[in-house]
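Here is my friendly note to go with the model. Please keep the structure open as you read through the points.

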Amino acid sequence: HAKAAGRGRFAIFGRHMDEVLQARREMERDLRAAVENRKEIETVYQPVYDAGTGQLSGVEALARWRHPQKGVIGPDVFIPLAEELGLIQPLGQIVLHNACETVARYDGLKLAINASLLELHAASYPIHILSTLAQFQINPQRLEIEITESQQLDGSRISERTIGVLRQAGVRFAIDDFGAGYSSFGRLQDLHVDRIKIDKSFIDALGQTGSGAVIEAMISMAHAKGLQTTAEGVETEEQSRLLRLAGCDQLQGYLLSRPLAGEALHRLLAGGPVVAVA
Ligand code: C2E
Ligand code: MG
Ligand code: MG
Ligand code: MG
């Protein structure tokens with residue numbers, strides 16, 4: 001009896017595994033197709049505001065995948081998959097292309113894009129970035145690249161060289177999700193960057209005992225190293241107030257604006273009513 005039940009369980013588990021693998025294969029196939037046809041990869045823009053003046057200083061481009069059957073899929077799902085499948089380079093190029101096309105008409109508006117440390121390892125990365133900027137006549141000084149250290153990578157020399165080439169051209173760099181994962185002040189010695197984006201988890205904790213002191217220390221240390229600071233995921237007036245008190249340079253979050261579709265961004269910059277999408 002026990003044996004039969006065991007076999008039954010195993011069969012069910014086996015069928016479940018088949019379904020999981022099947023779904024995964026479909027997702028992979030669909031993502032390859034999406035990157036190939038380019039149309040399903042969309043870009044949304046979250047405004048970034050100067051903490052002192054409250055002025056819009058730029059936008060961060062964020063990728064979305066509009067799957068024909070499944071609807072909009074977020075980057076937390078498909079970016080890791082794209083990295084695994086070797087699709088992260090072409091995907092990054094689509095997002096950069098979309099974003100340049102959108103911001104080109106606004107002189108001086110800063111643009112931030114996201115890149116994993118993995119993307120920076122490609123020798124062709126600087127050329128792709130600089131040629132796309134040139135194509136849309138965007139000054140490299142308007143671009144900032146936000147690096148996420150999703151994994152501990154060695155061979156950081158390669159990305160150092162990549163960063164060096166782009167910095168030479170005027171492109172700036174930020175460490176994204178600073179304080180979470182593998183990023184730390186220790187890593188700042190290795191990667192030459194201009195800004196830290198303080199991880200949302202620290203902003204969430206603001207207002208609780210002691211956490212204000214942690215953020216203040218982070219900001220002071222960053223400033224002492226000549227780095228700018230941006231707080232991400234600002235959702236409340238209280239967080240905004242405390243961050244400005246702590247000397248944070250820029251604020252970003254749902255309190256100020258959700259990510260906007262290109263059309264909504266154009267309306268925002270034209271001073272019209274804006275409806276957020278994401
Ligand atoms: P990130 O660069 O740290 O972006 C911030 C994420 O937090 C975005 O999620 C944004 O929509 C969300 N967010 C912003 N303000 C708030 C807020 O006030 N509250 C809450 N709850 N969330 C907020 P999203 O768009 O899902 O992106 C997730 C991550 O995916 C990004 O984190 C970034 O690391 C990565 N990513 C997005 N686009 C790209 C891309 O084109 N290339 C690469 N390599 N990674 C990307
Ligand atoms: Mg980012
Ligand atoms: Mg972040
Ligand atoms: Mg993030």
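How many helices and how many strands are there in the chain?

1. **Overall make-up.** The chain has ten helices and nine strands, taken as DSSP runs numbered from the N terminus (helices are H or I with at least four residues, strands are E with at least two). Of its 278 residues, 44% are buried; buried means under 20% relative accessible area, exposed over 50% and partly exposed in between, using a 1.4 Å probe and protein chains only. Among contacts with a separation of 6 or more, 65% join residues 24 or more positions apart, where contact means heavy atoms within 4.5 Å.

2. **How to read the values.** This is a predicted model, in which local features need pLDDT of at least 70 and side-chain atom pairs count only at pLDDT 80 or more, while totals for chains, interfaces and linings use all residues. Residues are numbered from 1 along each chain as its sequence is written, chains are lettered from A and ligands numbered from 1 in the order in which they are written, and side-chain values use heavy atoms, with hydrogens and water left out.

3. **First metal site.** Please look at the magnesium ion (ligand 2), which is coordinated by Glu-60 (OE), Asn-114 (OD1), Glu-146 (OE) and Asp-176 (OD) at 2.0 to 2.2 Å. Donors here are N, O and S atoms within 2.8 Å of the metal (3.2 Å for Na, K and Ca); water is not among the atoms, so sites may look incomplete. Along the sequence, the donor residues are spaced E-x53-N-x31-E-x29-D. Distant parts of the chain are linked in this way: Glu-60 belongs to strand 2 (residues 56–67) and Glu-146 to strand 5 (residues 143–148), 86 residues apart. Glu-60 counts as buried because its relative accessible area is 6%, and Glu-146 is also buried, at 2%.

4. Which residue bridges the magnesium ion (ligand 3) and the magnesium ion (ligand 2)? Asp-176 does, and the two ions lie 4.2 Å apart. Asp-176 is buried at 6% relative accessibility, whereas Asp-177, at 26%, counts as partly exposed.

5. **A helix pair.** Helix 3 (residues 88–103) and helix 4 (residues 125–135) have axes that come within 10 Å and cross at roughly 25°. Helix 3 is therefore roughly parallel to helix 4. The crossing contact brings Gln-93, Leu-96, His-97 and Cys-100 of helix 3 up against His-128, Ile-129, Thr-132, Leu-133 and Gln-135 of helix 4. By class, this contact of helix 3 with helix 4 has four nonpolar, five polar and no charged residues.

6. **A buried strand residue.** Thr-229 sits in strand 8 (residues 228–231) and is buried, because its relative accessibility is 0%. Leaving aside residues up to four places away in sequence, Thr-229 touches Arg-195, Ile-196, Ile-219, Ala-222, His-223, Gly-247, Cys-248, Asp-249 and Gln-250.

7. **One more glutamate.** Glu-83 lies in helix 2 (residues 75–85) and counts as buried at 17% relative accessibility. Glu-83 and Glu-263 are 180 residues apart in sequence and 29 Å apart in space, C-alpha to C-alpha.

How values were computed: Axes fitted to C-alpha atoms, helices over the stretch in contact; angles between N-to-C directions. Parallel < 35°, antiparallel > 145°, perpendicular 65-115°, else oblique. Nonpolar A, V, L, I, M, F, W, Y, C, P; charged D, E, K, R; others polar.
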